[in-house]
Amino acid sequence: MTEPNSARNATAPMIEMRHVEKFYGPFHALKDVNLTVAKGEKIVLCGPSGSGKSTLIRCINHLESIKSGEITVAGHRLSDSQKAVDAVRREVGMVFQQFNLFPHKTVLENCILAPMRVRGLSRAEAEATGRKYLERVRIGDQAAKYPAQLSGGQQQRVAIARALCMEPMAMLFDEPTSALDPEMVKEVLDTMVLLARDGMTMICVTHEMGFARQVADRVIFMADGAIVEENDPESFFRAPAHARTRAFLGEILHH
Amino acid sequence: MGILELTYLLQGLLWTLLLAAIGFAGGIVFGVIVALMRVSASPWLRIPAIGWIGLFQGTPLLMQLFVAYFGLPLLGFDVPAWAAVSVALTAHASAFLGEIWRGAIQAVPRGQSEAADALGLPARSRMVDVIMPQAFKLSLPATVGFLVQLLKGTSLAAIVGFIELTRAGTIVSNQIYRPLLVFGVVGAMYFALCWPLSLWGRKLEQKMAAATAK
Amino acid sequence: MTLDFSVVTGAWQSLLLGTVGTLFLAFSGMALAMIIGVLGVVILRMQLRLPSLLVNAFIEIVRNTPFLVQIFFLFFALPLAGIRLNPTLTAILALGVNGGAYAIEIIRGGVESVPKGQTEAGLALGLHKHEVFRLIVLKPALRAIYPSLSSQFILLTLTTAICTSISAYELTSVGQRIEAETFRSFEVYFTLTGIYLVISLVTMWLLAAIGRRAFSYPQR
């Protein structure tokens, strides 16, 4: 019996990780990680440093390769083959802690590079898309500047726009506000909230618990490479089940 | 190559070491002066230092040796070849070391001289007690690197006709007709002098990089 | 003491040709050095034990022995290996080998100076490895190494003077010929020094101007 394609896609998860194991040499970085993210779902991933949360999302777009288990993104089963990796990266955008804008390219050039090279858009199409998303992150007037001429918060918003220009089906955020001065955190979080309201599927590694409360469908707590606890934000913050979660929340909420 | 030839090469090696030692020692003394002039606020001191550094960094060491070798007698200094070569190497080293130390002095954070000023230290003490010790440490890898460069540079005295290691090699090679063996041995001798210094310089550099990364 | 520069000024055509010879040696030597430099870095980045060891040994040997010994060695070794080159080509080879060892270190440093996050961002956007290198890593890496490469080029230009020791055609050997004919040693070398100074200053200025044009994006 075959299901119609559309029906399967409607119910198939956007991102699925099953029994994922990851090692750095002898170090066991991810231990039997299972995670299913539905289309439009927003996940906040937290945990102490070294807990594997960054590693987890970097496996999703194959910046890190896994030892065993399987990862499926937007219907594409990830493997070490370049084809599978290409297919996944085309659909998943990523925002980094250090922005990683390309310093030798203007803001707009940063945004059009991948759409032209990967999606095969013409320059005009790519620029139109670029301007649209730069507008969306409220930075359209800076298109001709170089990254070094922008503040950290502006740079990170450009990085978000750059990822959006690929019109991805899901976005990964790797501590997007950790490298920012405090007064710039809000402008980046606001942009992320906006994106969440538009229905983007998001996995965010962040310690911004206010953001988690506001937009997350689920909060996941990791420690020592394993998922320890996951729950809706309300229950997660009100009644954390594990001692480690409580200890962690005690740490960060005091700051 | 017999014991006789080897002894001859070792004599040359001794001269190489001596030339490098004289050049380096002289370079340290005059290099400090060049560096201090170079960072001076007065253009009367700064501009000559810039010219001096540019002159020696912008011309081949070989020309510097030739000019000293033929020029000193014209000026009335009837000096032996080794002395003429030493003068050239000293001047050469003073320019290069001066520039290295200029960089190091300016690399000491501004806050240090501000702190010295705030403590009311006189300018001299600010330089000698606060800036220079820190600059010395910063400049050590590059200074060691220059010592290697100077050791290799002494080989050019051979072209002027002075019998140091390379010239000794040429002479031995002409006698026994085994150029590859002779220059292989000569090269190995230079390597034995320079490589440990290079390794030391790199270690200093890594240590410093690790310290600043913290 | 009387100085007589007329013998030098009278030979200005020879000196001009010698200058051209020097520039030719410097450019050819630098080109070869860059080829060796890129090859060396490619080999090192393959991270294979023996090839890396050989490249590193090459770097250490070249950097810790005088150029004069290297050029003598090549001058005598090449014919024994059945390779017959004229002195000028031998000199270019020696300059290229010498400069190559330094170029490997410079280029390696440049590639390593581009943060890993740049590569990751490119990959995450779906670009392929070679595109990431060409479009994202290359320009910042070149910009990072441009000053070192410029000084290396000046250094190599000044090193060409040593090629007179095997009678390659360049400024110093031209000068030595004039000296042999006129016995005006000081005047000859004084003039040569001046010519070399002009060559380095002009080269420095040109390279800086090119650098400003080629890498005009603002620094982080």
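UniProt positions are given in the numbering used here, and annotations may be inferred rather than shown by experiment. The model in every view is predicted.

View 1. An unreviewed UniProt entry annotates residues 20-44, 65-83, 144-168 and 188-210 of chain C as "transmembrane region". Two of these spans are described here. Residues 65-83 of chain C are 74% helix and 0% strand. The C-alpha atoms at the ends of residues 65-83 lie 23 Å apart. Residues 144-168 of chain C are 64% helix, again with 0% strand. For residues 144-168, the end C-alpha atoms are 34 Å apart.

**View 2. The interface of chain C and chain B.** Chain C contributes 33 residues to this contact, and chain B contributes 34. The two chains bury about 2,900 Å² between them. Carbon and sulfur atoms carry 80% of that area.

**View 3. Salt bridge and polar contacts between chain C and chain B.** One salt bridge is found across this interface. Its partners are the side chains of C:E60 and B:R202, at 2.8 Å from N to O. Six residue pairs are in polar contact between chain C and chain B, both residues being at pLDDT 80 or more. On the chain C side, helix 3 (49-63), helix 4 (67-80), helix 8 (171-182) and helix 9 (185-214) each supply at least two residues. Helix 9 of chain C gives the largest share, nine residues. By class, this side of chain C holds 21 nonpolar, nine polar and three charged residues.

**View 4. The interface of chain C and chain A.** Here 21 residues of chain C contact 25 residues of chain A. About 2,100 Å² is buried between chain C and chain A, 63% of it on carbon and sulfur atoms.

View 5. The interface has one salt bridge. C:E120 pairs with A:R58, with the closest N and O atoms 2.5 Å apart. Helix 6 (116-124) and helix 7 (129-159) of chain C each supply at least two residues of the side that touches chain A. The largest share, seven residues, comes from helix 6 of chain C. This side of chain C divides into ten nonpolar, six polar and five charged residues.

**View 6. Model confidence along chain B.** Chain B averages a pLDDT of 93, and 99% of the residues score at least 70. Among the elements of chain B, helix 2 (residues 43-57) has the highest mean pLDDT, 97. Helix 5 (residues 110-118) of chain B has the lowest, 87.

Definitions and conventions
Residues are numbered from 1 along each chain as its sequence is written. Chains are lettered from A and ligands numbered from 1 in the order in which they are written. Side-chain values use heavy atoms; hydrogens and water are left out. Contact means heavy atoms within 4.5 Å. Buried area is the accessible area (1.4 Å probe) that two parts lose on being put together, summed over both. A salt bridge is a side-chain nitrogen of Lys or Arg within 4 Å of a carboxyl oxygen of Asp or Glu. A polar contact is a pair of N or O atoms within 3.5 Å; within protein, one must be able to donate a hydrogen and the other to accept it, and residues adjacent in sequence count only if both atoms are side-chain atoms. Helices (H or I, at least four residues) and strands (E, at least two) are DSSP runs, numbered from the N terminus. Ala, Val, Leu, Ile, Met, Phe, Trp, Tyr, Cys and Pro count as nonpolar, Asp, Glu, Lys and Arg as charged, and the others, Gly among them, as polar. pLDDT is the predictor's confidence in each residue, from 0 to 100.
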